[in-house]
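Biologist: I would like to learn how to read aromatic pairs. Could you take me through them?

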Amino acid sequence: MRKIATVAIILLLFVAIFGNIQVYAANDVIDEENESQLIKIKENAAKSIEDYKQKYGSDAYGITAYVLNLIRIYSIPLCFLGIAVSAIYQYVIGIRKLDTQERGLIMMVSFITILVICQILPLAFAVVVKFGRG
């Protein structure tokens with residue numbers, strides 16, 4: 001139960017951190033070239049959301065698929081970073097302290113589990129939506 005709660009909290013923090021990213025800049029900092037690049041990025045994101053909506057046939061399914069794809073992409077570096085930190089806990093610091101070694105192993109298993117879930121979840125969603133709806 002404790003592991004499930006930990007995984008749920010980590011996922012909620014992940015969504016809270018990466019779901020609310022906004023760029024703030026003074027008007028003097030953004031010149032025309034940067035502004036055009038920002039507009040292109042915004043249009044590409046809106047276009048990809050529209051592509052997902054068209055592909056899945058619904059606004060809710062399209063937005064969900066888009067968010068799951070973002071989670072899939074951003075989970076890879078974060079989980080590898082977590083695995084590296086847990087390996088340091090287990091193999092470097094844990095040589096002298098057995099409780100730290102156990103903590104590193106638990107962290108590593110947790111990050112690997114989160115990584116696998118984040119990679120399989122978009123595929124499972126696509127299969128259920130495409131083949132489950134009839």
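Modeller: We will go through the ring pairs in this predicted model.

Biologist: What describes a pair of aromatic rings?

Modeller: The distance of the centres and the angle of the planes describe it. In this structure there are 3 aromatic pairs. Take Tyr-52 and Tyr-66. Their ring centres are 6.0 Å apart and their planes stand at 65°, so this pair is edge-to-face.

Biologist: Where in the chain do Tyr-52 and Tyr-66 lie?

Modeller: Tyr-52 is in helix H2 (residues 32-56). Tyr-66 is in helix H3 (residues 59-92). They are 14 residues apart, and the pair links distant parts of the chain.

Biologist: Are Tyr-52 and Tyr-66 buried or exposed?

Modeller: Both Tyr-52 and Tyr-66 are buried. Now turn to Tyr-61 and Phe-125. Their centres lie 6.1 Å apart with planes at 65°, so this pair is edge-to-face.

Biologist: Which helices hold Tyr-61 and Phe-125?

Modeller: Tyr-61 belongs to helix H3, Phe-125 to helix H4 (residues 98-132). The pair therefore ties together parts 64 residues apart in sequence.

Biologist: How does accessibility class Tyr-61 and Phe-125?

Modeller: Tyr-61 has 30% relative accessibility, so it counts as partly exposed. Phe-125 has 15%, so it counts as buried. Buried means under 20%.

Biologist: Which residues do ring pairs link into a cluster?

Modeller: Tyr-56, Tyr-61 and Phe-125.

Biologist: What sits over the ring of Tyr-56?

Modeller: The charged end of Lys-130 does, 5.6 Å from the ring centre.

Key:
Residues numbered from 1 in each chain as written. Predicted model: local features only at pLDDT ≥ 70, side-chain atom pairs only at ≥ 80, totals over all residues. Heavy atoms only, no water. Phe/Tyr/Trp six-rings, centres within 6.5 Å; stacked < 30°, edge-to-face > 60°. Helix = DSSP H or I, 4+ residues; strand = E, 2+ residues; numbered from the N terminus. Buried < 20%, exposed > 50% of the residue type's maximum accessible area, 1.4 Å probe, protein only. Lys NZ or Arg CZ within 6 Å of the ring centre and 35° of its normal.
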